[in-house]
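I opened a new notebook page for this structure. These are my entries, in the order I looked things up.

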Amino acid sequence: MAPSPFVVEWVERLAREWEVCRAPRRALDVAAGRGRHAIAIARAGFDAFAVDLNLDALRDLADAAAAARGRVHVWCADLTQHPLPVEQFDLVVVTRYLQRDLFPALRRAVVPGGVVLYETFTTLQRALGTGPTSPDHLLEPGELRARFDGWSVLAYEETRYPEAVARIATRRPGIIKNSEFGIKNSRSRIQNS
């Protein structure tokens, strides 16, 4: 499966925005599977990390990243049992995965000024006859936006066809700092301090 165009667009946009800072930015792909997004993240110049429960998928991801001349740090973990690190990532990406009790940890995993890209199915997907059907794996209308209340929404949409998905690019309040260059990032602009 190809990477999500929404995720690729935002990963590339953020890589350009943050390239002025020169320091490597850390990005995490949650429920990465075989790494369709983790590899795109690494290619964009991020220090890429991937977490998934499936060890075989992570092995495939590591092999695919090496073949693509990229590097992805893989972590096999059950996120219902193992917490995400706090304030360690400039970017967190989640696609086609919904674990509602993980939202607080996702919010904490991002550094101030960092971004979460999230895309998954909504309850309207059931009407299309494909994909997940359990309410545990489907967002309610407006739910994704509400999960990031208080954050700056950079982009948000809910679609009905060809897939019923909600997607968001949202920035945690605060400033990304780079002490080496004295550059701060607030909202979508880079400013000298």
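I began at glutamate 87, which sits in the loop between E3 and E4. (Helices, H or I with at least four residues, and strands, E with at least two, are DSSP runs numbered from the N terminus.) Glutamate 87 is not a glycine, yet its phi is positive, about 50°. Its relative accessible area is 36%, so I noted glutamate 87 as partly exposed. (Buried means under 20% relative accessible area, exposed over 50%, and partly exposed in between, with a 1.4 Å probe and protein chains only.)

Before going on I wrote down the ground rules. This is a predicted model, where local features need pLDDT of at least 70, side-chain atom pairs count only at pLDDT 80 or more, and totals for chains, interfaces and linings use all residues. Residues are numbered from 1 along each chain as its sequence is written, and side-chain values use heavy atoms, with hydrogens and water left out.

Alanine 31 also has a positive phi without being glycine, near 55°. I found alanine 31 in the loop between E1 and H2. It is partly exposed, at 23% relative accessible area.

Next I looked up the peptide bond between tyrosine 161 and proline 162. That bond is cis, with omega about 5°. Proline 162 belongs to the loop between strand E6 (152-158) and E7.

**Strands and a crossover**

I turned to strand E2 (residues 47-52) and strand E3 (residues 72-76). They pair in the parallel sense, over five bridges. (Two strands pair if DSSP finds at least two bridges between them.) Which residue in E3 is the bridge partner of alanine 50? I traced it to valine 74. From E2 the chain crosses through helix H3 (residues 55-67) to E3, and this β-α-β crossover is right-handed. (Right-handed means that, with the strands pointing away from the viewer, the path from the first strand over the helix to the second runs clockwise.)

**Salt bridges**

How many salt bridges are there by the rule I used? I noted 11. (A salt bridge is a side-chain nitrogen of Lys or Arg within 4 Å of a carboxyl oxygen of Asp or Glu.)

I looked at helix H1 for a local pair. Glutamate 9 and arginine 13 both lie there, four residues apart, about one turn of the helix. Their side chains meet in a salt bridge at 2.7 Å, N to O. Glutamate 9 is partly exposed at 39% relative accessibility. Arginine 13 is partly exposed too, at 32%.

Then I checked arginine 25 and aspartate 90. Their closest N and O atoms are 3.4 Å apart, in a salt bridge. Arginine 25 is in the loop between H1 and strand E1 (26-30) and aspartate 90 is in strand E4 (residues 89-95), so the pair ties together parts 65 residues apart in sequence. Are these two side chains in buried or exposed residues? Arginine 25 is buried at 8%, and aspartate 90 is buried at 8%.

Arginine 34 and aspartate 60 form a salt bridge, with the closest N and O atoms 2.7 Å apart. This pair links distant parts of the chain: arginine 34 in the loop between E1 and helix H2 (36-43), and aspartate 60 in helix H3, 26 residues apart. Aspartate 60 is partly exposed at 34% relative accessibility.

I also noted a network of salt bridges that links Arg100, Glu143 and Arg147.

**Pockets**

Last, I looked up the pockets. (On a 1 Å grid over the protein atoms alone, a pocket is an open set of points where a 1.4 Å probe fits, with protein on both sides within 12 Å along at least five of seven lines; lining residues have an atom within 4 Å of a point.) A volume is the space filled by probe spheres set on the points, which are joined across faces, edges and corners.

The largest pocket holds about 180 Å³ of space. Its lining residues include Ala31, Arg34 and Tyr97.

The second largest pocket has a volume of about 150 Å³. Among its lining residues are Tyr161 and Pro162. Helix H1 (5-18) and strand E7 (165-171) are the elements that give two or more residues to this lining.

Terms used
Two strands pair if DSSP finds at least two bridges between them.
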